[in-house]
Amino acid sequence: MTCLVTKDTNICVVGLGYVGLPLAIAFADKFNVVAFDINKLRIKELNDNFDRTFEIESDSLESVKNNITFTSTISDAKICNIFIITVPTPIDSKNEPNLDPLINSSRLIGSIIKKDDLVIYESTVYPGVTEEVCAPIISNESGLIFNQDFFCGYSPERINPGDKENVLSNIVKVTSGSTPEIAQKVDFLYNQIIKAGTFLVGSIKVAEASKVIENTQRDVNIALINELAIIFNKMKIDTHEVLDAASTKWNFIDLRPGLVGGHCISIDPYYLTYKSKDLGYNPDLILTARKINNSMSSYIVSEAVKLMIKSNITVSNSNVLILGLTFKENCPDLRNSKVVDIISELKSLNCSVDVYDPWINESFQSKWFNHKVITNPLENDSKYDLIILAVAHDQFKEYTRDDFKYLSKEKALTIDIKSIIPSADWRL
C-alpha cells in the first residue's frame, strides 16, 4: 500500500461550502490542492478571490493561488491521490436522510480514482454510511476493491459558520480510517493543519457516531430550554433571569431559548433517528426535542398575535418588520432558517411583512426564501405595528431606543427572540 502523505501529495477537496473551502485553503498552505465544486459561479467567484460565505478573506485566497486550483471539471483532480468529500447531507420532506449529494460525489470520485488512493468523508451521516453506502459506490464505478485497491477515512467536520475564533485549526479533529494503517495516515494528514490536535478513534463508525451525537445533544438541550421558556412565560417569570441564576452553579449548562435552524443542529438528529428506527428502536426523546424546536416559530407568532390583540392592534393588514433572516447571527446562510416560518405564518394572517437582514443582498433569491429583502429600514419612512428581532446580528445590537421609536407606529410592539432589546414588549 503506497498512499503516503508527503509534501508531494495532491489533495482534492470536493464541495466548497462552509466546510470545504476553509479545509482546501488550509491544506493549500502545505500541499497541492484541487478544489472542486459543481457550482460554476462559485468557482468563478473563488478564482476572483471572493467567498460569498465570508469565511475566507480575499487576501487568504490570493495567498494560496500557487498551490490551489479551483475547478468544476472533475478530470482536473486525476492527479490527486487523496480525496476529501465535504458535501451537504440534507433531509427530505419526510425528515429522512437525503444522501444524493454524497452518492453523486462518490460516483464522481469513482470515475477518476486510482489504485492506492484514499477517500476521506467529512459530511455528517449515521454510522455505517461511509463503508456501507459510499465505498461500494466507488468500487462499482472504478472496478477497484475496497480496502485492497483503495481506502477510506472519516473525519467529521466541526466548522461553526460565522465564528472567527473557533476556526478550523483551533478545533480538535476526530479521525479514523478503514484499516489501522489508513487511520494513522488520516490522523497524520490532519495533524499537518490542525493546531488543536487530533483524536484518533478505533473505527469509522465510531467517528460517524461521535459527530451525529454532537448536534443531537445540543438540539435536545436547547429543546429543554425552549420548553422551560414556554412554561415560565405562562408563569410570567423572566426565563433569562432564571437562567442567569441557575448558571451560577458550576455544572449548569448555560443555553438560551431560541430558534433552531441551519444545516446541522436541525438536520443531524434525523440521521440518527432514521437509523435507530431502522433497527427497531423509536428514539422518543430525540424526536420530541425536534418537535419542540420545530414548533418555536409558531409559538412566537402566537404570542405576538395575543399581544397585538391585547394592545388593540388589528392583526390583519398590520405592518410587520422582521429584523434578521439567516439561521444564525453574523452569517449569510439561509438554510433551514426558522425565521422563514415566522414570516410565512404572519403572511397567512394577512400581515404585510418587510424583512431586513444586513447580511443578505436585497436582490438575494434562494430556494429557502423568495420574499424580497428590503434595504435598511432606518433609511426609509416605513412605520410598523410590530417589530420582531429574530437574529442577533452585530448591526442590530447597535440599534438604540430612538431607532426602534423611529421604526414604530404610535402604539407599536417589539418582540425580541434573542434578548438584545432592553425595552422589548415580549421576549423569548
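1. Does Cys264 count as buried or exposed? This is a predicted model, and in it Cys264 has a relative accessibility of 15%, so that Cys264 counts as buried.

2. Cys264 is accordingly in no disulfide, and the nearest cysteine sulfur, that of Cys331, lies 10 Å away. For Cys134, the closest cysteine sulfur is in Cys152, at 7.5 Å, which is too far for a bond, given that a disulfide requires the two sulfur atoms to be within 2.5 Å. Cys134 is also buried, with a relative accessible area of 1%.

3. Helix α1, which covers residues 20-28, deserves a look, because eight of its nine residues are buried and the helix is therefore largely enclosed by the rest of the structure. The buried residues of α1 are Gly20, Leu21, Pro22, Leu23, Ala24, Ile25, Phe27 and Ala28.

4. Ser123 sits in the loop between β5 (118-121) and α5 (129-142), and this loop residue is buried, with a relative accessible area of 4%. Setting aside neighbours within four places in sequence, Ser123 is in contact with Ile85, Thr86, Val87, Thr89, Leu102 and Tyr154.

Technical notes: Residues are numbered from 1 along each chain as its sequence is written. This is a predicted model: local features need pLDDT of at least 70, side-chain atom pairs count only at pLDDT 80 or more; totals for chains, interfaces and linings use all residues. Side-chain values use heavy atoms; hydrogens and water are left out. Buried means under 20% relative accessible area, exposed over 50%, partly exposed in between (1.4 Å probe, protein chains only). Helices (H or I, at least four residues) and strands (E, at least two) are DSSP runs, numbered from the N terminus. Contact means heavy atoms within 4.5 Å.
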